[in-house]
Amino acid sequence: MTRVAAIDCGTNSIRLLVAETASGADASPTPDGRPDPVADHASGAGRASDRQAVAATPRLRDLTRRMEIVRLGAGVDRTGELSPEALERTFAALREYAAEIDRLGASRVRMVATSATRDARNRDVLVAGVRAILGVEPEVITGDEEAALSYAGATGELRGHPEPFVVADIGGGSTELVLGDAARVHAAKSVNVGCVRLAERHLHDDPPAPAQLAAVVADAHAAFDLAERTVAIRSAATLIGVAGTVTTVAALAADLPGYDPDRIHLSVTSVSDVAAVADRLAAMSHAQRAALPVMHPGRVDVIVAGALVLRTLLERVGATSVIASEHDILDGIALSLLVP
């Protein structure tokens with residue numbers, strides 16, 4: 001039975017998934033012979049397994065999922081470089097992950113790095129450190145590659161929802177928007193609006209001033225203007241949101257007593273509830289947000305920006321609701337390791 005390890009190194013967090021094939025066989029294309037999911041993608045970006053993973057039947061059984069907030073992208077929007085402190089936080093988490101991968105006996109390992117690393121002039125320092133700790137080369141993937149992997153992870157379990165889908169991955173440094181259906185990705189775009197980037201750029205008061213909130217929304221609209229040149233986001237019949245901003249907003253909208261991935265996964269949050277949560281968070285102080293039972297400490301200072309990006313996206317799409325998925329790029333990475 002194949003065991004694989006996937007690592008997603010983002011702007012705000014670094015995450016690990018170790019999984020095995022649920023049936024003892026590698027993932028394979030769906031029985032209906034779905035075509036290569038990104039064959040029509042204008043960019044053609046991404047390695048072949050990334051494209052095939054979108055159409056692969058999800059047959060993973062989780063052995064462990066871990067997440068650490070390391071804020072690798074702290075200051076990158078301003079300085080263009082990964083700071084020594086952020087790199088050391090990341091390397092410390094990776095040392096723990098390496099031990100866990102060894103303990104669980106994963107035979108294949110893939111690590112991808114996204115927005116902050118793409119933007120950093122000194123990414124070679126991260127690459128060298130990862131190689132020394134994990135023994136594998138980290139892949140600094142493009143926005144299109146990131147989008148394809150996110151789509152693969154997010155849509156694998158969707159059944160009975162109308163198509164086309166738009167998957168929105170609101171990260172720390174960027175947001176990936178992917179339009180597709182059960183067979184393939186039709187278009188994708190990565191834009192530089194994320195919760196860390198926009199919080200650092202605009203949200204300097206506690207709680208944020210109205211003009212600062214308006215600046216976040218304006219940046220989000222400008223980014224979605226750019227995205228709509230490539231991705232027809234308004235054509236979405238179903239909007240799926242992934243990553244910590246969306247899942248945290250879903251948990252708050254559901255008034256959960258604590259963060260519960262099983263209850264959050266595939267839950268549906270209405271556009272009015274998203275707006276209410278965003279307004280509530282924006283009116284809170286840092287201490288008040290930190291006291292929310294579902295709030296991870298590493299999201300307290302960036303969740304307002306993320307919630308505003310999500311609210312703005314729903315308004316632009318014209319969606320009545322968003323489905324929150326706990327499965328995302330991390331699952332897409334794992335699936336890519338199981339495709340020949």
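Buried residues are those under 20% relative accessible area, exposed ones those over 50%, and partly exposed ones those in between, with a 1.4 Å probe and protein chains only. In this predicted model, local features need pLDDT of at least 70 and side-chain atom pairs count only at pLDDT 80 or more, whereas totals for chains, interfaces and linings use all residues. Residues are numbered from 1 along each chain as its sequence is written, and side-chain values use heavy atoms, with hydrogens and water left out.

**Figure 1. Cysteines and overall composition of the protein.** Cys195 is buried, at a relative accessible area of 3%, and Cys9 also counts as buried, at 1%. Zero disulfides (pairs of cysteine sulfur atoms within 2.5 Å) are found in a search of the whole structure. Of the 340 residues in the protein, 58% are buried. The protein holds 14 helices and eleven strands; these are DSSP runs numbered from the N terminus, helices being H or I of at least four residues and strands E of at least two.

**Figure 2. The five-stranded sheet.** The strands form an open sheet with mixed pairing in the order S3-S2-S1-S4-S5; two strands pair if DSSP finds at least two bridges between them. S3 and strand S5 (139-140) are the edge strands, each pairing on one side only. S1 and S2 run antiparallel and are joined by seven bridges, with Val18 in S2 as the bridge partner of Ala5. Helix H14 (residues 329-336) lies across S1, S2, S3 and S4 and runs at about 140° to S1. Such angles run from 0 to 180 degrees between N-to-C directions, the axes being lines fitted to C-alpha atoms, for helices over the stretch in contact.

**Figure 3. Helix H3 and its packing partners.** Helix H3 (residues 84-104) has 21 residues and reaches 30 Å from its first C-alpha to its last, close to the 30 Å expected at 1.5 Å a residue; the expected span is 1.5 Å times one less than the number of residues. Its buried residues include Leu87, Phe91, Leu94, Tyr97, Glu100 and Ile101. The buried residues of H3 pack against strand S1 (3-9), strand S2 (13-21), strand S3 (60-69), strand S4 (108-113) and helix H5 (123-134), where contact means heavy atoms within 4.5 Å. Gly105, with a positive phi near 70°, follows H3.

**Figure 4. The six-stranded sheet.** This open sheet has the strand order S8-S7-S6-S9-S11-S10 and mixed pairing. Its edge strands, each pairing on one side only, are strand S8 (185-191) and strand S10 (267-270). From one strand to the next, the twist averages 25°. Helix H8 (residues 210-227) packs on the sheet and touches strand S7 (175-180) and S8, its direction making about 145° with that of S8.

**Figure 5. Strand S6 and its two neighbours.** Six of the six residues of S6 are buried. Phe165, Val167 and Asp169 point one way from S6, while Val166, Ala168 and Ile170 point the other way. Strand S6 (residues 165-170) pairs with strand S9 (residues 238-242) in the parallel sense over five bridges. Val166 stands opposite Leu239 in S9, and the bridge partner of Ala168 in S9 is Gly241. S6 and S7 pair in the antiparallel sense over six bridges, with Gly180 in S7 as the bridge partner of Phe165. A hairpin of four residues joins S6 to S7.
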